[in-house]
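Please read the numbered points alongside the sequence and the coordinates.

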Amino acid sequence: MFRDEMSSQARPSLDGMAQEVLAKGQRARRVRVAKIASAVVVAVGLVGGGVAVPALAGGGHHAVAARPGTQTAPVGGANAVPAAAVLTTMTSPADYIPQPAGPKAPTSSAAVLDELLKLLPSGATSDYTYYTNLGAQLHFDGPSGLGMIRLSLFKGSLNPDACASAVPSDMTRTCSTLPSGAAVLSTRISDNCIQPLVIDVDHGSGTVAEITVSTCLTWNGHSNPPTQMAITAAQALRIAANPAWGTTQMDAALVRDAASRFADMPGNAPAGVSAGTGGGSTGSGGSTGS
């Protein structure tokens with residue numbers, strides 16, 4: 001993913017990575033190389049995970065739970081490169097996590113940011129930045145302390161082979177299935193503070209929501225300051241499985257309000273338009289989850 005992102009678009013100014021992180025992430029970059037793979041027929045038989053996910057504090061959506069049994073990719077050591085692509089360009093005809101009914105408008109990065117703010121537990125947020133074509137990045141200071149979180153939406157489906165092929169020794173991949181049939185891919189990278197935990201949820205109908213919970217903050221001009229994960233894996237899964245996400249459309253009122261609320265931030269492109277990723281504005285702390 002690092003290689004694709006760096007070659008296909010500009011990076012946000014707040015998202016610079018220390019040279020030592022890049023060097024150390026040499027192995028990590030192979031983890032998410034080729035974010036979009038060649039078309040693969042997406043099987044629906046990913047084995048489910050057996051972890052109940054508690055509701056987020058302050059959240060208004062139901063909790064999600066995984067089915068018994070998990071499939072974890074075999075460790076292949078240094079020779080297991082590159083790891084299988086996370087996504088395919090195929091669009092699943094199934095709608096595993098349908099969006100709520102009501103008027104819709106083209107998805108924007110501002111809408112992604114606004115929805116992410118609503119889903120976080122109570123705490124202060126800051127340093128808002130648009131990330132990828134449809135995504136947002138922020139700092140969240142909650143019960144676990146200050147940390148960085150990213151949420152991105154991708155068109156396509158999860159690759160069913162991602163947990164069938166070997167991965168580098170510094171990474172683990174676990175595939176599971178939500179009761180709705182939505183496939184989940186959880187990736188952990190031990191030597192990459194930007195992506196120590198990444199959870200992808202296939203909503204069906206061409207939408208994959210990906211949340212990244214980091215153990216360092218955005219680039220401050222000298223380094224990515226170390227920190228801790230601001231939310232748990234269970235909380236991250238629940239956010240990624242939120243039914244509001246959609247790569248082509250989201251709630252019309254949300255899109256409209258977000259465009260007004262974050263009008264001073266550059267790069268607020270709708271779905272299908274390459275978003276500019278110039279220096280993101282910084283939101284003031286104190287915004288809380290509802």
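**Note on the predicted model**

1. Asp-127 has its place in strand β5; helices (H or I, at least four residues) and strands (E, at least two) are DSSP runs, numbered from the N terminus. Asp-127 is not a glycine, yet its phi is positive, at about 55°. With a relative accessible area of 19%, Asp-127 is buried, where buried means under 20% relative accessible area, exposed over 50% and partly exposed in between (1.4 Å probe, protein chains only). Most residues other than glycine have a negative phi, and most peptide bonds are trans.

2. Residues are numbered from 1 along each chain as its sequence is written, and side-chain values use heavy atoms, with hydrogens and water left out. This is a predicted model, in which local features need pLDDT of at least 70 and side-chain atom pairs count only at pLDDT 80 or more, while totals for chains, interfaces and linings use all residues.

3. As to the whole, the protein contains 6 helices and 13 strands. Of its 290 residues, 54% count as buried. The accessible surface comes to about 11,100 Å², and 57% of it belongs to carbon and sulfur atoms; accessible areas come from the Shrake-Rupley method with a 1.4 Å probe, and for residues only the protein chains shown count as cover. Among contacts (heavy atoms within 4.5 Å) between residues at least 6 apart in sequence, 71% join residues at least 24 apart.

4. An open sheet is formed by 8 strands in the order β2-β9-β10-β11-β12-β7-β6-β5, with antiparallel pairing; two strands pair if DSSP finds at least two bridges between them. The edges are β2 (71-72) and β5, each with a single partner strand, so one side of each is left without a neighbour in the sheet. Strands β11 (residues 197-204) and β12 (residues 207-213) run antiparallel and are joined by 7 bridges. Gly-204 stands opposite Thr-207 in β12.

5. The pairing of β5 with β6 is antiparallel and extends over 5 bridges; Ala-124 has Asp-141 in β6 as its bridge partner. The two strands form a hairpin with 4 residues between them. Thr-132 lies in the loop between β5 and β6 and has a positive phi of about 60° although it is not a glycine. Thr-132 is buried, with a relative accessible area of 5%.

6. Which elements do the buried residues of α4 pack against? They pack against β5 (124-130), β6 (135-142), β7 (145-155), α5 (233-240), β13 (249-251) and α6 (252-261). Helix α4 (residues 109-119) is itself mostly covered, 10 of its 11 residues being buried; among them are Val-112, Leu-113 and Leu-116.

7. The two helices α4 and α6 pack at an angle of about 100°, with their axes 8 Å apart; axes are lines fitted to C-alpha atoms, for helices over the stretch in contact, and angles run from 0 to 180 degrees between N-to-C directions. That makes α4 roughly perpendicular to α6, since angles under 35 degrees count as roughly parallel, over 145 as roughly antiparallel, 65 to 115 as roughly perpendicular and the rest as oblique. Residues of α4 including Ala-110, Asp-114 and Lys-118 meet residues of α6 including Leu-254, Ala-258 and Arg-261.

8. A search of the whole structure finds 2 salt bridges, a salt bridge being a side-chain nitrogen of Lys or Arg within 4 Å of a carboxyl oxygen of Asp or Glu. In one, the side chains of Arg-261 and Asp-114 meet at 2.7 Å, N to O. Arg-261 lies in helix α6 and Asp-114 in helix α4, so the pair ties together parts that are 147 residues apart in sequence. Asp-114 counts as buried at 3% relative accessibility, whereas Arg-261 is partly exposed at 44%. Arg-256 forms a salt bridge with Asp-257, with the closest N and O atoms 3.7 Å apart. Arg-256 counts as exposed at 54% relative accessibility, and Asp-257 as partly exposed at 42%.

9. Helix α5 lies across β7, β10 (183-189), β11 and β12, and runs at about 30° to β11. Of the 8 residues of α5, 6 are buried, so the helix is largely enclosed by the rest of the structure. Its buried residues, including Leu-237 and Ile-239, pack against α4, β7, β10, β11 and β12.
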